[in-house]
Amino acid sequence: TPMAVRRWLESSCVPLPGVHPLVQGRGLLRVDAAYEFALGAAEATAPEGLWEHVRYEVSVNGKRGLYLRQPEEVSKVTQHPANVNPKFHEDAPNSDKIGFEMRVALACDEPWVEIPGHMLMVHGGKGFAFSVDPRGLPPGLHHTRIRGFNADAPGRGAVFEIPITIVKPFQPTEPDFPLNGGAPLTFEPATLHRHFIVPPEGAMWADITIEDLRPAQCETKEDDTNKTLALHVLQLMPHQPYRDNEFKKFVSIGAGETLVLSCRVVPGVTAEVSVAQWWASLGASAARVAVGFRGVRPCPDKLALSAGSGFEHVTLTALLRKEEVAPSAVLDKWQQKLAPTSAKVSPLGERDVTPAGKKIYQLVLEYAFDQEEEGDVTPRLGLLNGVLYEAALENQFYLVFDKDKKLLGSGDAWPGAVKVPKGEGHVVRYQVRHDDAALLRGLRARLVLALERTCSVPLAAYASRERLTAGGGAFKARALKRGASCAVFLAEPAADKLPKGCKPGDLLLGTCSYCKADAALPGAGKRPGGFPVSYAVGPRAKDFDKRDPPKVEAPDDRTEEQKVEDAVRDLKLERLSKLEGKPAFEGLYARFLAEHPGHLPLLRALVRHRGALAPPPHAGVIEAVDAIIPLIDETSLAQWMGVNHDLEDPLVVKEKKDMDEKKEILVDCLARKAEATAALYEEGTMTADDLKIALAGLARWDTVEQDKYAKVRLASARARGRAGEELALLASLLAKGGTKEAPPAELHAARARAYERRGWACLVEHERKWALLAKPKGYALF
């Protein structure tokens, strides 16, 4: 069996002298000795020959071995239970399991591990207890193994092993700690020096000083070249990936040069500090390395402000040395919380099954959002992100689309930023998979998406609550002696400093640093990465300084009967507007027009109705507009709009309301006529002069260069033979993601036609293919 072959190879290896067991593993492979072990197994009589083909599963407190690293673990004698369970092949007969009985002899090479001498193991497994006493071990890395041998055939090698690794760290009492007792560290290519240190209480970061001891003028050219050193600092925290608590840096250091590198640390947790010379950096070198622990301890170390809290009180204490304190905080991430708009659980395909044949299901969630300005967004699901092999669910994946279902970006358990254009109707689709459909259904309401954007909101710091409340001076930098404390009050941000579009319930995240960095001094001068701070956005307060102009009410001289008639008319018109583009509109419109002839809003309803038909009768739209324009005295309207009026006069206010309504109807009708004329020009039923007249009529009352008149401007450019202007306008509109009146699909088609008129076949083909990508029929698959 594979287990037997592995056991023969491992048992026949020869350890390499001078190389740590954790570096070389089992040692040097010996094929001839492994072959002899295989022959011995073939000659062995049952049951001993059978037992070598059994796999033995070892666990110590639920793990494969014992690893003690932290100070409280290696400062006392500890007892540990070990369990060994034989694992037979799934096709092995029950007679093999019943007949399994092995007398096991236990052995360990190190005196600081105490174990029983023997045990009897049957097919149900066997447990035993052992103790570890690391108190007398010197600082450093120590490793040994508990080996279990078949007492009837000890020469066949160990049938199982329990690895034991002890890290005995240095525990400095002063903030400055030289590695190797201050003696130089010598390096050759690929030389590694490992040291284990416990940062003292109050240490927030470490300044690691590397001093090259080579003379400035070296004897050989090889010794004079810069050496590449690798510095790696690692702390292990429960249920945190090691990358969250590590520092890794490659540096190039010249002869006689001194470098200072800063990294964050957690006090009281063993830190492994490794320094190595890069394997490709030739020649010998020597350096003196020292670790200086620094920092002030904040209490609390995580700040959570909320709207209305006013401030957060932090107490800073310098436990190690004198520090320069100058608090600074900034919120640089804005998280918008989104509930799913759709959540569907469905089975996957025939191939999506577990090895046991169980069906796999998917949960697909959709989150809709708008983007006020072009920028990067990062979709995060806090319940799922950041884990892979330890994840409770099988898979997580997301896709980001625009309103036309164009794919903008994707990501997985470690979300990344996706660039999203300005606009509405963007969608994030998230997929999670599991073989338990009920579990996925239970997640539908729990998975709230945090859509993260960048921002920059500074937080002010004060030395007292009185200064914060009264608006006194901000916190001034000061020296904090060892053992001394001071208070810092961080104020919540002002409402006008919050990001545009920020709503109640959103969360702003950032960092806070308490020490002052000095560019003239080596090292960072403050904790790299700072301390986390958050702010929960609340409702915006009313601007009490802003005063609305006095509201002037125009006198209503209508009779009660006229008011009722006008209200009934307006109600009919409101109901009629909901029928625009539907067959029932025409009959009701004719009845209402007979009752209220010449009523401008009613006449405009016909224009809108014809524009809403599919396809729209452009000639009918122009006919309806031409029926409205003579009813509006453009000369009187222009004269009234051209001068300023006393808006505190009620009669003037009443007249202004009437004139504004007339202008709004006039501009809307002229714009629709220009669009209809442009469409008829494209069809060849109207001339360029007709289009020019329609556009000139609109230009008298509104700015034609607005994006909402894009179709008219494009038709005008074609009518005047200005191909460059037309293509430039199309490119500008497409760069903005199109408009409501001219969506991207129509703009791509218009650009393809523009290329076709000029005979640019290759660009026409490219544009049509790109149009399919810009507006696909459905969402891209996961």
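The model is a predicted one.

**Domains and records**

- An unreviewed UniProt entry places "domain: Tripeptidyl-peptidase II first Ig-like" at residues 54-167. That span is 54% strand and 4% helix, and its end C-alpha atoms are separated by 33 Å.
- The feature "domain: Tripeptidyl peptidase II second Ig-like" is placed by UniProt, again in an unreviewed entry, at residues 319-503. Here the model has 48% strand and 7% helix, with 41 Å between the end C-alpha atoms.
- Ala339 sits in the loop between β22 (323-338) and β23 (342-347), and it counts as exposed because its relative accessibility is 53%, over the 50% cut-off. Its C-alpha atom is 35 Å from that of Lys769, which is 430 residues away along the chain.

- Nonpolar side chains tend to be buried together in soluble globular proteins.
- Which residues of helix α10 (585-595) are buried? They are Phe585, Tyr589 and Phe592. Viewed down the axis of α10, these buried residues fall within an arc of 70°, so they line one face of the helix.
- Arg591 and Ala594 are exposed on the other side of α10.
- The packing partners for the buried residues of α10 are α9 (560-577) and α11 (600-612). Tyr589 touches Leu576, Leu602, Leu603 and Leu606, setting aside neighbours within four places in sequence.
- Helix α12 buries His618, Gly620, Val621, Ile622, Ala624, Val625 and Ile628, and its buried residues pack against α11 and α14.

- Helix α1 (residues 2-11) has Ala4, Arg7 and Trp8 as its buried residues. Down the axis of α1 they fall within an arc of 100°, so they line one face of the helix.

- Asn385 lies in the loop between β25 (375-380) and β26 (395-401). It is buried because its relative accessible area is 18%, under the 20% cut-off.
- Leaving out neighbours within four places in sequence, the contacts of Asn385 include Pro379, Gln396, Asp412 and Pro415.
- Gln431 belongs to strand β29 (423-434) and is buried, with a relative accessible area of 7%.
- The side chain of Gln431 makes polar contacts with the side chain of Gln362 at 2.7 Å and with that of Asn395 at 3.1 Å.
- Beyond four places in sequence, Gln431 touches several other residues, among them Leu348, Val364, Phe397 and Phe782.

**Backbone details worth a look**

- Most residues other than glycine have a negative phi, and most peptide bonds are trans.
- Cys299 and Pro300 are joined by a cis peptide bond with omega about 5°; Pro300 is in the loop between β19 (297-299) and β20 (303-306).
- The bond from Ala614 to Pro615 is also cis, with omega near -10°, and Pro615 is in the loop between α11 and α12.
- Ala190 is not a glycine but has a positive phi of about 75°. It lies in the loop between β11 (185-187) and β12 (192-197) and is exposed at 54% relative accessibility.
- His239 likewise has a positive phi, near 60°. Its loop runs between β14 (227-235) and β15 (246-253), and His239 is exposed, with a relative accessible area of 85%.

Definitions and conventions: Residues numbered from 1 in each chain as written. Predicted model: local features only at pLDDT ≥ 70, side-chain atom pairs only at ≥ 80, totals over all residues. Heavy atoms only, no water. Buried < 20%, exposed > 50% of the residue type's maximum accessible area, 1.4 Å probe, protein only. Helix = DSSP H or I, 4+ residues; strand = E, 2+ residues; numbered from the N terminus. Arc of directions from axis to C-beta. Contact = heavy atoms within 4.5 Å. UniProt positions renumbered as here; feature names shortened; annotations may be inferred. Polar contact = N/O pair within 3.5 Å; in protein donor to acceptor, adjacent residues only side chain to side chain.
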